[in-house]
Amino acid sequence: MANEGKKKNPLSLPVVAMRGIVVFPGMTFHFDVGREKSVAAVRQAMEERRQILLVTQKDFAIEDPSPEDLYSVGVTARIVQFLNNGKDSVRVLVEGLHRVLVTRCTLTEGGFLRAALRRFPEKTTMDAPAQVEEAMMRVVAQGFETYCGLLPNMPDELAAYILSQKTPYGLFSAIVQNLSLPTEERQALLEESDLAARMKMLAELLYYEISVLSWERDIYGQVRDQLGQQQHEHFLREQLRAISEELGEGDNPMEESMDYADEIQAIQNIPDDVREKLLRECDRLYRTPPQSQEGQLIRSYIETCIELPWDEWTEDQNDVARAEKILDQDHYGLDKVKKRIVETIAVRKLAPDIKGQILCLAGPPGVGKTSVAKSIARALGRKYVRISLGGVRDEAEIRGHRKTYLGSMPGRIINALKQAGSRNPVILLDEIDKMSSDYRGDPSSAMLEVLDSEQNVTFRDHYLEIPFDLSEVLFITTANDVSMIPRPLLDRMELIEMDSYTREEKYQIAKRHLIPRQIARHGLAAAQLKFTRNGLLALIDGYTREAGVRSLEREIASICRKTAKLIVSEEEGKVSVGEKVLKKLLGVPRYLPDDLRRQDEVGVVNGLCWTAVGGDTMEIEAIVLPGTGKVQTTGQLGEVMTESAQIAVSYVRSICDDYGIDPSFYKEKDIHIHAPEGAVPKDGPSAGVTMVTCVVSALSGLPVRSDAAMTGEVTLRGRVLPIGGLREKSMAAYRAGIRTVFIPDQNCKDLEEVDQVVKDHVTFVPVRHVSEILGQVLVKPAAKAAEKPLPALPGVRQEAPPLRQ
């Protein structure tokens with residue numbers, strides 16, 4: 001290596017890349033060298049003339065710089081002292097000599113950088129009048145003096161030495177070596193060859209640093225004063241704590257308020273304005289006597305706010321296959337409901353941030369609305385909370401009471417979030433249609449904000465008086481009668497109707513869910529109690545009459561209790577429930593099959609109705625008596641149904657000639673219309689066609705087919721208007737053994753929701769005018785056998801034959 005160094009051009013030197021250090025001529029300083037290239041360059045320089053080139057690298061973070069990563073202007077330096085720190089590093093003391101310009105830099109075989117260089121032209125004097133030179137020196141000197149005054153660690157001797165320089169070059173060199181500047185700005189000073197320009201740049205940098213240091217000193221003073229005030233307050237609080245302990249006043253309010261403040265500061269997802277309000281409440285608590293009533297109120301308020309799940313939430317399980325499996329495990333049937341829930345989960349998987357999905361499960365009691373909500377929570381992996389709204393009539397139940405009232409507390413929504421311990425639970429608002437209002441407010445109006453995805457982002461409880469985000473909560477509501485829900489509230493929810501169960505669905509639900517659950521609940525083994533298919537169907541038909549399965553489960557529980565008694569008393573080892581055993585255990589059936597007419601009769605028509613527990617058949621009877629033209633209705637008919645009877649009589653008057661009816665019947669005859677089961681209130685327009693048919697039959701003496709039923713609202717012109725509840729009504733017709741059902745033509749679209757088993761056994765005949773029904777159900781006794789049409793194929797529309805005169 002020594003021979004190689006002697007052959008090198010004297011204008012080329014080994015290079016050490018400096019990180020974050022810019023060297024100027026005249027500087028003497030020491031530094032450690034640890035990178036392999038740099039150590040090799042220093043050792044090569046020691047073997048040559050002890051001279052080395054110091055060049056600053058452009059990016060401080062580069063560990064192995066290439067020639068392109070170095071500035072083109074550097075400083076040659078003489079190695080004054082060389083020390084080995086170890087095997088891989090050295091420590092050197094160098095003295096800066098001259099500015100040089102790097103013309104070429106390469107990597108040598110020795111593993112270090114060597115650069116070809118030439119002297120960098122520079123001026124050590126200023127080409128300016130003496131006055132300008134003196135002014136420039138004064139500006140720089142005054143700036144440096146001010147800078148030293150703001151810099152606390154600048155030695156006075158060093159400052160005096162620098163300010164004693166008599167030439168611009170000497171002053172510049174002395175200041176720049178002791179001025180803390182960014183690497184880029186120091187390199188710019190190094191690369192400037194004109195002394196006047198360098199002095200001007202130095203003055204600008206000096207006064208910029210003076211401005212920064214001034215601001216830094218002001219900020220430090222403010223922080224110091226604040227810390228001093230805090231220390232003073234801490235000292236006073238410690239004195240107050242000692243006094244409280246001496247007086248035996250118990251807990252220190254300062255420590256309590258500080259603990260609350262620490263808990264508030266630890267909450268991450270809380271708005272800044274809310275945090276400031278709670279901290280102010282902590283300060284109020286500190287200034288309030290511990291045993292005062294106001295202190296107790298503030299303490300309860302702060303604890304309630306802290307207990308809210310600001311930072312707690314659960315990760316959604318957006319697995320569609322898993323959700324379908326859970327829903328199928330928990331419920332049989334309900335395909336429409338399950339499909340909608342799976343769609344919701346699929347959307348949440350594609351768009352996790354979607355908000356504002358509020359579902360309303362509407363249907364008769366006992367069809368599984370509440371249990372479906374539980375299954376949704378389990379499928380999503382969320383916490384579940386139920387809020388019962390039945391009978392709620394105070395707005396404060398939803399929004400809470402204001403803190404000014406004695407015994408005030410948050411509303412049910414906030415309490416549900418505290419109970420869930422999560423800010424994104426599934427909250428079930430049960431029986432939302434049972435809310436009412438009085439002088440204390442309207443709770444349904446308060447629910448408008450809760451169930452509005454645009455407003456519940458900043459839901460304000462009257463007790464909390466701070467906003468809380470409810471947009472991540474999945475609200476599910478349940479209702480039996482949607483008409484009882486205010487329209488603005490219903491408009492905020494997506495309605496999912498849950499219809500009553502069919503006979504087959506009840507059988508499957510009992511077999512898969514109810515019986516195993518009750519057997520386990522009563523401590524029985526599966527082998528000790530079994531139900532035959534006929535026995536279970538007899539239980540469904542003869543001992544329950546409901547849309548859901550609650551009564552069915554109670555009857556199964558009763559059978560389990562009686563079976564347990566038989567087994568414990570050793571009367572039986574096991575019980576198989578068939579039709580005969582069922583009568584022994586539960587007695588005679590409570591409900592008998594609908595006693596439908598088995599022959600055609602005059603003035604008796606099969607109608608269909610909807611009830612809260614599902615569909616049912618309803619006979620309408622009419623008789624004609626001598627009188628003065630009165631129309632009497634009995635059977636607890638409502639106002640709408642009574643009007644339907646009046647419409648039926650008026651329409652029949654317009655078609656007297658078509659059916660051989662005496663046109664003066666309305667003067668000489670009284671008509672009595674009755675709906676059996678008079679203890680049950682009845683109302684609605686869907687019995688219009690039934691009443692028209694009943695009145696025509698009674699006045700004309702023509703019998704009505706016993707195997708047909710009908711439903712539909714009628715107008716004075718005889719047009720048949722659509723009705724609701726077709727699925728439930730069709731199920732009632734199927735259970736009653738009716739073969740033909742006349743429905744409004746506009747209800748054909750609802751046949752898609754009718755169960756397939758019903759469509760397989762019942763023929764639906766859509767009609768637009770009541771004359772189409774009269775033409776098919778009224779039969780002349782003499783022509784009955786010949787003219788009565790054959791039943792249509794199930795599910796196929798049957799055209800009305802010509803009217804019988």
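Guide: First, a cavity is a set of points on a 1 Å grid over the protein atoms alone where a 1.4 Å probe fits but cannot get out, and a lining residue has an atom within 4 Å of a point. This is a predicted model, in which local features need pLDDT of at least 70, side-chain atom pairs count only at pLDDT 80 or more, and totals for chains, interfaces and linings use all residues. Residues are numbered from 1 along each chain as its sequence is written, and side-chain values use heavy atoms, without hydrogens and water.

Visitor: What is the volume of the largest cavity?

Guide: There are three cavities of 30 Å³ or more here. A volume is the space filled by probe spheres set on the grid points, which are joined across faces, edges and corners. For the largest cavity, that comes to about 40 Å³.

Visitor: Which helix gives the most to the lining of the largest cavity?

Guide: The lining is F24, P25, R99, Y169, F172, S173, V176 and R198. By class it has five nonpolar, one polar and two charged residues (Ala, Val, Leu, Ile, Met, Phe, Trp, Tyr, Cys and Pro count as nonpolar, Asp, Glu, Lys and Arg as charged, the others, Gly among them, as polar). Helices are DSSP runs of H or I with at least four residues, numbered from the N terminus. With four residues in the lining, the top giver is α5 (residues 168-177).

Visitor: How are α3 and α5 set to each other, roughly parallel or roughly antiparallel?

Guide: Axes are lines fitted to C-alpha atoms over the stretch in contact, with angles from 0 to 180 degrees between N-to-C directions; under 35 degrees counts as roughly parallel, over 145 as roughly antiparallel, 65 to 115 as roughly perpendicular and the rest as oblique. The axes of α3 (residues 130-150) and α5 come within 10 Å and cross at roughly 20°. The contact (heavy atoms within 4.5 Å) joins E133, M137, V140, A141 and F144 of α3 to P168, L171 and I175 of α5. The angle therefore makes α3 and α5 roughly parallel.

Visitor: And what is the angle between α3 and α4?

Guide: A141, F144, E145 and C148 in α3 meet A159, I162 and L163 in α4. The axes of α3 and α4 (residues 156-163) lie 11 Å apart. The two are therefore roughly antiparallel, at an angle of about 175°.

Visitor: Which term describes how α19 and α20 sit to each other?

Guide: L539, I540 and Y543 in α19 touch L552, E555, I556 and I559 in α20. That contact has six nonpolar, no polar and one charged. The axes of α19 (residues 533-543) and α20 (residues 550-568) come within 10 Å and cross at roughly 120°. So the term for α19 and α20 is oblique.

Note on methods
1 Å grid on protein atoms, 1.4 Å probe; cavity = no way out; pocket = protein on both sides within 12 Å on 5 of 7 lines; lining within 4 Å.
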